[in-house]
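Please walk through this model with attention to its charged pairs and to a few residues in its loops.

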Amino acid sequence: MEEQRVNEICDTFYSAVRFLSADTSGAKHLKSLLRHAVAEMPGENPELWGWLINQVPEKLQGAGSKVSYEEYALYITLSMYAIGPLENKNLKLAEAVADAELKRQKLVAVETADSTDELQVKLRSLVKLINSAKTGFNYGELVKDIFLWQTNKIAIARKWEREYAQKENRNEQ
């Protein structure tokens, strides 16, 4: 069941990216809203939130004012994509940190976030550093990780640490 949800989140993310990649005034406007959303919580901008809700299948939506894990994962990942849409589907987030020669501590700061709000802030900083190194990473993988991070931070931290270490070892060879 969870694997199906993870795949639906990823599909929803790429569907939204296809829309945002269009050369239309609506797509440009939404990308602008998403760039500003990196410092906002879901729902702070009603126009953006309304667009996002229309992208998310109803069974993955929260109820009332509660934001679902899926909505949080999509909101955070789409806002990260908007600030630096450099994507490299061959690299996961932690591998991109190693390739960009960033200190491991930058990744640890993201891994140890105490809330989705803190995760968003720390991830924004990390994504900007990765993008400034022109490395890029797989945003589809990130949306899955953020979704899973909300229920099992330790498992995602272990995954990221393993990916970082393995990539760093390959880079040193």
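**Salt bridges and loop residues**

Lys159 is partly exposed, at 21% relative accessibility. In this predicted model, Lys159 forms a salt bridge with Glu141, and the closest N and O atoms are 3.4 Å apart. The pair links distant parts of the chain, with Lys159 in helix 9 and Glu141 in helix 8, 18 residues apart. Glu141 has 18% relative accessibility and counts as buried, because the cut-off for buried is under 20%. Salt bridges with shared partners join Lys92, Glu141, Asp145, Lys159 and Glu163 into one network.

Helix 9 (residues 153–172) also holds Glu161, which is paired with Arg104 of helix 6 (residues 104–111), 57 residues apart. The side chains of Arg104 and Glu161 meet in a salt bridge of 2.7 Å, N to O. Glu161 is buried at 19%, whereas Arg104 is partly exposed at 40%.

Asp23 and Lys28 form another salt bridge, with the closest N and O atoms 3.0 Å apart. Asp23 is exposed, at 66% relative accessibility, and Lys28 is partly exposed, at 47%. The whole structure has eleven salt bridges.

Two loop residues remain. Thr135 sits in the loop between helix 7 (116–132) and helix 8 (139–149) and is buried, with a relative accessible area of 15%. Beyond its neighbours within four places in sequence, Thr135 contacts Leu86, Asn88, Leu91, Ala96, Asp99, Ala100 and Ile130.

Ser68 lies in the loop between helix 3 (46–55) and helix 4 (69–83). Ser68 is buried, with a relative accessible area of 7%. Leaving out residues up to four places away in sequence, Ser68 touches Leu60, Gln61 and Gly62.

Terms used
Residues are numbered from 1 along each chain as its sequence is written. This is a predicted model: local features need pLDDT of at least 70, side-chain atom pairs count only at pLDDT 80 or more; totals for chains, interfaces and linings use all residues. Side-chain values use heavy atoms; hydrogens and water are left out. Helices (H or I, at least four residues) and strands (E, at least two) are DSSP runs, numbered from the N terminus. Buried means under 20% relative accessible area, exposed over 50%, partly exposed in between (1.4 Å probe, protein chains only). Contact means heavy atoms within 4.5 Å. A salt bridge is a side-chain nitrogen of Lys or Arg within 4 Å of a carboxyl oxygen of Asp or Glu.
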